[in-house]
Amino acid sequence: MSILNGKYFIQGENEKWEVVIGLEVHAQVTSNSKLFSGSSTKFGAEPNTQVSLVDSAFPGMLPVINEFCVQQAIKTGLGLKAKINPYSVFDRKNYFYADLPQGYQISQYKNPIVGEGEITLDLPEGSKKVGIERLHLEQDAGKSIHDLDPSNTFIDLNRSGVALMEIVSKPDLRSPNEVSAYVKKLRSIMKYLGTCDGNMQEGSLRADVNVSVRKEGDTNLGTRCEIKNVNSIKFMQLAIAYEAKRQVELLESGKKIKQETRLFDTKKNETRSMRSKEDAHDYRYFPDPDLLPLNLDKSLIEKIKKSLPELPDQKKERFINEYSLTPYEANILVSEKEISVYFEEVVKNSDKKLAKNWIMGDLFASLNEKNISISESLVTSNKMAQLIDSISSGIISGRTAKEVFEIMKETGEEPKKIIESKGLQQKSDPKELEKIIDKIISDNKDKVKQYKSGKDKLFGFFVGQAMKVSSGKANPQLVNEILKQKLK
Amino acid sequence: MSDISKKSLTEIVRLVKKKEIKSEELTQSFIKNINNDKKLNSFITNCSEEALKKAINFDKNPKLDTLLPGIPIAVKDLFCTQGVKTTAGSKMLENFVPNYESTITNNLWNEGAFLLGKLNCDEFAMGSSNETSYFGNVINPIEENTVPGGSSGGSASALAADLTPTTIGTDTGGSIRQPASFTGIVGLKPTYGLCSRWGIVAFASSLDQAGPMTKTVEDCALMLEAMAGFDKKDSTSIDKKKENYLNKLTDNIKGLKIGIPKEYRVDGMSQEIDNLWENGKKILKDSGAQIVDISLPNTKYALPTYYIVAPAEASSNLARYDGVKYGFRSTKGDNLIEMYENTRSEGFGDEVKRRILIGTYVLSSGYYDAYYLKAQKVRQLIKKDFDQSFKKVDAILTPSTPSSAFKIGEKKNDPISMYLNDIFTVPVNLAGIPAISIPAGTDNNNCPLGLQLIGKPLDEQKLLNIAFAVEKKINFKQSLNRWWEK
């Protein structure tokens, strides 16, 4: 593969190939109860403890739509600048599997709740709009556990019936990096909205990845393969890279791509055929007669629209204007809701520039180092603001602040207490500093002479001496001022 | 007191309320009849013991301000009953005991009734003769070698034989009205959504509707009152105030317009049915109603439409019986697919399999548009026919069935001829409107025949009133020699 003018290509033997990718993201709706039953959706419960008669498809049980999940889907649609369809229908997708108790999944087929929308990606080479084809609501299936017993499969129905939003993109993505940016942005929007927690480890976000390749300049789409159920951004990127290469090799050797469903083997880093188009399930979709079509009130959509929080794109604009950030900085600070909230809490009462530098510098480094999220950091926004205040009010120098931060990130102690207990406060008493400086001047008369005769560079020597004598605690600004006066 | 079990439900309720009879005595008389029955096979599960306990308990502290105080009731075995086996007439659920109670039965128990037993029915309510039940066919008390109709055949047979004072069935394409007609009783299919489907083993969700099967129209009004009501657990349930059908019941139908659809005069209809229909018209006229000729032009498409829509939904509804969670599981097979195949091959009977196959076929890609989608469109046309007619008339009168009860085995191997039995009943289910069948006469062999009255959506009261007026004038009396006790 290669990147040319910011474009991603697969360089084959003879040709350059463009990769075309579309994503079907399955995002778990943030909701206390399931899509059609009152069972809890809490993650990590004992197997089969969050299963109602509806979820386990007992005879005569009927689904009843969870209105909150519908509102969440509308909210997400609005966040994706998408058309909300006032009329949508729940369909049954019929297939047999042991962890699908009803023998069908309730989903939306011909009439989804949300239509076309878009997401703006901020890429190194500029911003790019990616089209959203549709968003629909559907139930999750249960879980089959094959590795607990040599001859039996166990079924856990806790997930059975949990509400998912399937968000289908247009085939607008062109590289693994764009896919990464897309998933991150989508996740960020949903987290801002509170409609999906985006937790990939818990399976709250997974994707089916459609990949095809075409010769540079071709406008027709190539035959695609669908890689099912990939549950991390890294795996998506690896799967796409592998799959695109596989397709290019096939095409260049004169073979054809078979449209098929493939799976990604995370151990071998390769995709493998699951089933061909001919073996594809006939899902026999038809409208679920147990549920009435969903007719949404305009007023409900308006109400939700009004309640929308500020989303990453809007927040980015505001941050640029309000806090004099560059677009790059603003992007980073709004990329996750928690980070933007943290930043605003810090910047509220402290120096803008220091705030952004400290957060994007030392704080982010500490998060990376510990592999934790900003909300898990021991350095809370309040403590960070204190630290920055101590710098801007001259209590400590920037250099000392780094020392203090090192302690804070490990212990979560308040910076004030650290400064006090370690005696790290700067010497900011002019009289005291004058004494120190006077002594330096009298001890280095020759240097004073040289300085006064034009050797300006020696100013740094005097500053260094002052810091040394004060064990680094002298307020550098004050030292500068006093020295300038005394050396006139 | 003369045999209490022969009396109408409203009469029994009156006697209980006047404390002229105790629930125990009442229940005993039905238990006696159940125990004496040696041939009808109308019960799958006999709950006599429990019922008697409940009756005795009721008598200790009788609560009389309910609709069904201390009344034992046997119900079709399609209603899930908590702690009592619910089989749907299938091997698949032969030993299935729900830990929940259907909304409809629960409504009955809340009105003071209790469970007397679970009644035989066609497997998953698929059949018109009660010959598809895994628990054997039910016999019509009218004559030993005759079917009671289906799918609520056990309910019809048990009621006609005085084994229960009233009962409930479900009607997807005529499963209440056809057996009611075959056994000389009253059967009502309410407006779709009036009675909750929650806890009823599903056959075809958009058509299934529970309803009362009773000895008189008054009984029917009382039972409907007890059953009907909004249920938030059923998304297709209609949110509507409860009605006092019995209190409002009147035989004054002067000035009402009754439509006679010409399309119901089918080829090969017997003279007996024709006479029955004519007699119905005459009685309505005599009661002051006006007879109006109407047309329901799409009637001829109703049966094929029904036999696409119902199997399609059934094929999906019955997918849950896979041996994984509950019910029958075959011991044969080495993997999941084989377990499915064997479980469903052994667990379902032929008629159920036939309908699953039809339903799967009509929903398959490439066939969906030609069958299912087209059927849905025709269904709208059929509904429109009724809507148009109800602009002109208050109700529609037709025969309930094209013939009287047929012989056991007569149509078993000829599904088309069996399906044709529902020709007058299925349009009503497709349109989601209410209809009642009342006994209106007999054929040459003294087998009962029913007349069907079809009404506007939620117009059950008017339907009951007309039925009440007709019932009074016809004065149908059935006298059975209780041969099944010998």
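Visitor: How many helices and strands are there in chain B?
Guide: Chain B has 15 helices and 11 strands, taken as DSSP runs (H or I, at least four residues, for helices; E, at least two, for strands) numbered from the N terminus. This is a predicted model, where local features need pLDDT of at least 70, side-chain atom pairs count only at pLDDT 80 or more, and totals for chains, interfaces and linings use all residues. Residues are numbered from 1 along each chain as its sequence is written, with chains lettered from A and ligands numbered from 1 in the order in which they are written.

Visitor: What share of chain B's residues are buried?
Guide: Of its 486 residues, 60% are buried, meaning 20 or more other C-beta atoms, placed from the backbone, lie within 10 Å of a residue's own.

Visitor: And what box do the C-alpha atoms of chain B fill?
Guide: Roughly 65 × 55 × 45 Å along the principal axes.

Visitor: Switching to chain A, which residues of α10(A) are buried?
Guide: They are Thr400(A), Ala401(A), Val404(A), Phe405(A), Met408(A) and Lys409(A). Their cover includes α8 (352-370), α9 (381-392) and α11 (415-422) of chain A.

Visitor: What follows α10(A)?
Guide: Gly412(A) does, with a positive phi near 75°.

Visitor: How many residues of chain A are in contact with chain B?
Guide: 25 residues of chain A are in contact with 34 residues of chain B, where contact means C-beta atoms, placed from the backbone, within 7 Å.

Methods: Contact = placed C-beta atoms within 7 Å. Buried ≥ 20, exposed ≤ 12 C-beta atoms within 10 Å, placed from the backbone.
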